Amino acid sequence: MDGKPFLFANKKCFSRFSHKRNPRKIRWTQFYRKAHRKNKSALLKKKKTRRIVKKERGIVGASLDLINARRQQQKEMKTATLREQAIKELKERKRAKALRRKKEREERRKKKKTTEKNDKKRTQREQNKKSKNKFNTKQKNIGRKY
């Protein structure tokens, strides 16, 4: 349909193709072998040949044991410095957290004080209004006759 030419090894392959057989279901095809993992032996051989073997050697003036000992020291030094950095970081976080808590407490106290002051002012205003209303109602009643 797309104009692609097909090449077949023999008439057997062509007949299977023309009958629209699925090559993954025909046991002797490469597709079947790949789909059902039948070619493991070939893959294992390739992997074995591709492996690279590393050998460590000493440098002039330093044996392999000395080099390994220094590497180990460097690793220990790195881990020690990393631990110290982590401890410092934790301490800084704790300090920052404590400071934040302290600030939050102070803000709450300030809010409480301001709300208490506002409540006192509000109650005083309400009392003043009540007293004015009482005075006004008395005056109004005085002028009226029943």
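1. Let's start with the pocket: α1 supplies the largest share of the lining of the largest pocket, 3 residues. Helices here are DSSP runs of H or I, at least four residues, numbered from the N terminus. A pocket is an open set of points on a 1 Å grid over the protein atoms alone, where a 1.4 Å probe fits, with protein on both sides within 12 Å along at least five of seven lines; lining residues have an atom within 4 Å of a point.

2. Before you go further, note that this is a predicted model: local features need pLDDT of at least 70, side-chain atom pairs count only at pLDDT 80 or more, and totals for chains, interfaces and linings use all residues. Residues are numbered from 1 along each chain as its sequence is written, and side-chain values use heavy atoms, leaving out hydrogens and water.

3. Which residues line the largest pocket? Among them are F8, F17, R21 and W28. Two or more lining residues come from each of α1 (11–18) and α2 (30–35).

4. Now look at the rings, where you will find 4 aromatic pairs (Phe, Tyr or Trp rings, the six-membered one for Trp, with centres within 6.5 Å; planes under 30 degrees apart are stacked, over 60 edge-to-face, the rest tilted). F6 and F8 are stacked, at 6.4 Å centre to centre and 25° between the planes. F8 and F17 are tilted, with 5.1 Å between centres and 50° between the planes. Ring pairs join F6, F8, F14 and F17 into a cluster.
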